[in-house]
Amino acid sequence: NNHIAEVQAFSSTNKEEIENFRIKYLGKKGVLNDFFAEFKNVPNDQKKEFGQVINTLKNAAQEKVDSLKEALESSTETKGVYGDLSRPGEVIPLGSRHPISIVKNKIIDIFLRIGFNVSEGPEMEDDWHNFTALNLPEYHPARDMQDTFFIQTNPDVLLRTHTSSVQVRYMENNKPPIRTISPGRVYRNEAISARSHCFFHQVEGLYVDKGVSFADLKQTLQYFTTEMFGKSKIRLRPSYFPFTEPSAEVDVYWGLETDADHRITKGTGWLEIGGCGMVDPNVLKNCGIDPEIYSGFAFGVGIDRIAMLLHQIPDIRMFSENDVRFLEQFKSAL
Ligand code: PHE
């Protein structure tokens, strides 16, 4: 009777366990055969009862083995070797694109549409491409405008302070007409605060051809800010860069509200997004382009700054802290 209870209680989905159970009860040297062997020693008056008990046990054991085997087979049919294929899949958590990449890609898209291509250059630069070719000879005071991280001096190797180094490389290797934008990371030895970091991101733009004028520059920047910010106006404030002449600072003002005539009624105020100007003839010459034949404009905008403005990010350090609570917020911003 103990055996009957054990047989009824047994359950398994493991092939080996079921087989061991079968051998234990129904095998040649199993419990049941022992009982059958015992049978002849049982006194006659008890034979009937004893026979009934072992038959019950035998049937119970056989039924148990059959039903467990059947259950096992039908479950391996749907599960196969890969588990149960009919179960709903597990959700794989998706990452999100970094806000700097989102804005960078948007800028690239905007300029691809008007015939610019994308060029890149090294983050570790030599003196020529970061300074000298850009009309900043040694001892030029304007070198102090950009606090430089030097990797090696004499000959100087440094972390590029701007992506203007890529325009030099591009002009050295390509003939006009040139229409290229160069996105990338730049480095400056500045105190880190909510508004400035020792590394950030720029997109440099360069257009060199016959007859390129300041009007082309202004129109290109206006097109860019309209695509980037929606209804917007730009303002060019006279400024100085050694590699452009004349030079200007680019401010943008975009509308949070516009009236029926599309005039901005409520806007952001003027916000600086970068610098620009007509490529200095000396720079063209340094890069093997004849300034008597060709002219060009260049501009550089800060990706971090634009991302902060667009997404209302209060602190530039958030871009590099790798806090997923911050990064996850850009899941839907692709
Ligand atoms: N390279 C300049 C800077 O980093 C920006 C700039 C680029 C200005 C091209 C004019 C033309 O400040």
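The side chains of Thr180 and Ser119 are joined by a polar contact of 2.7 Å, where a polar contact is a pair of N or O atoms within 3.5 Å, one of which, within protein, must be able to donate a hydrogen and the other to accept it, while residues adjacent in sequence count only if both atoms are side-chain atoms. The model is a predicted one, in which local features need pLDDT of at least 70 and side-chain atom pairs count only at pLDDT 80 or more, whereas totals for chains, interfaces and linings use all residues. Residues are numbered from 1 along each chain as its sequence is written, and side-chain values use heavy atoms, with hydrogens and water left out.

- Thr180 is found in strand 5, and here helices (H or I, at least four residues) and strands (E, at least two) are DSSP runs that are numbered from the N terminus.
- With a relative accessible area of 1%, Thr180 is buried; the term buried means under 20% relative accessible area, exposed means over 50%, and partly exposed is in between, with a 1.4 Å probe and protein chains only.
- Besides the contact with Ser119, the side chain of Thr180 makes a polar contact of 2.7 Å with the side chain of Asn117.

**The ligand and its surroundings**

- The ligand is surrounded by 14 residues, and the closest are His162, Ser164, Arg188, Gln202 and Glu204; a residue is near a molecule if one of its heavy atoms lies within 4 Å of it.
- A nitrogen atom of the ligand is 2.9 Å from an N or O atom in the side chain of Ser164.
- An oxygen atom of the ligand lies 2.8 Å from an N or O atom in the side chain of Arg188, and an oxygen atom of the ligand is also 2.8 Å from an N or O atom in the side chain of Gln202.
- Of the 320 Å² of accessible area that the ligand has on its own, the protein covers 92%, and such areas come from the Shrake-Rupley method with a 1.4 Å probe, where for residues only the protein chains shown count as cover.
- Strand 6 (199-209), strand 10 (271-279) and strand 11 (295-302) are the elements that give two or more residues to the shell around the ligand, and the largest share, three residues, comes from strand 11.
- Sorted by class, the shell around the ligand holds five nonpolar, seven polar and two charged residues; Ala, Val, Leu, Ile, Met, Phe, Trp, Tyr, Cys and Pro count as nonpolar, Asp, Glu, Lys and Arg as charged, and the others, Gly among them, as polar.

**Backbone geometry in the loops**

- Most residues other than glycine have a negative phi, and most peptide bonds are trans.
- A cis peptide bond, with omega of about -5 degrees, joins Asn154 and Pro155, and Pro155 has its place in the loop between strand 3 (150-152) and strand 4 (157-159).
- Asn154, which is found in the loop between strand 3 and strand 4, has a positive phi of about 55 degrees although it is not a glycine, and at 73% relative accessibility Asn154 counts as exposed.
- The peptide bond from Pro176 to Pro177 is cis as well, with omega near 0 degrees, and the place of Pro177 is in the loop between helix 7 (164-173) and strand 5 (178-187).
- Asn135 is not a glycine, yet Asn135 has a positive phi of about 75 degrees, and its place is in the loop between helix 6 (127-130) and strand 3.

**Residues apart in sequence, and their distances in space**

- Leu284 lies in helix 9 (residues 281-286) and is buried, with a relative accessible area of 2%; the C-alpha atoms of Leu284 and Ala133, 151 residues apart along the chain, are separated by 8.9 Å.
- Phe241 has its place in strand 7 (residues 232-241) and counts as buried at 16% relative accessibility, while Phe241 and Val279 are 38 residues apart in sequence and 9.8 Å apart in space, C-alpha to C-alpha.
- Lys58, in helix 4 (residues 44-79), counts as partly exposed at 37% relative accessibility, and Lys58 and Leu26 are 32 residues apart in sequence and 7.4 Å apart in space, C-alpha to C-alpha.
- Ser295 lies in strand 11 and counts as partly exposed at 22% relative accessibility; the C-alpha atoms of Ser295 and Glu17, 278 residues apart along the chain, are separated by 85 Å.
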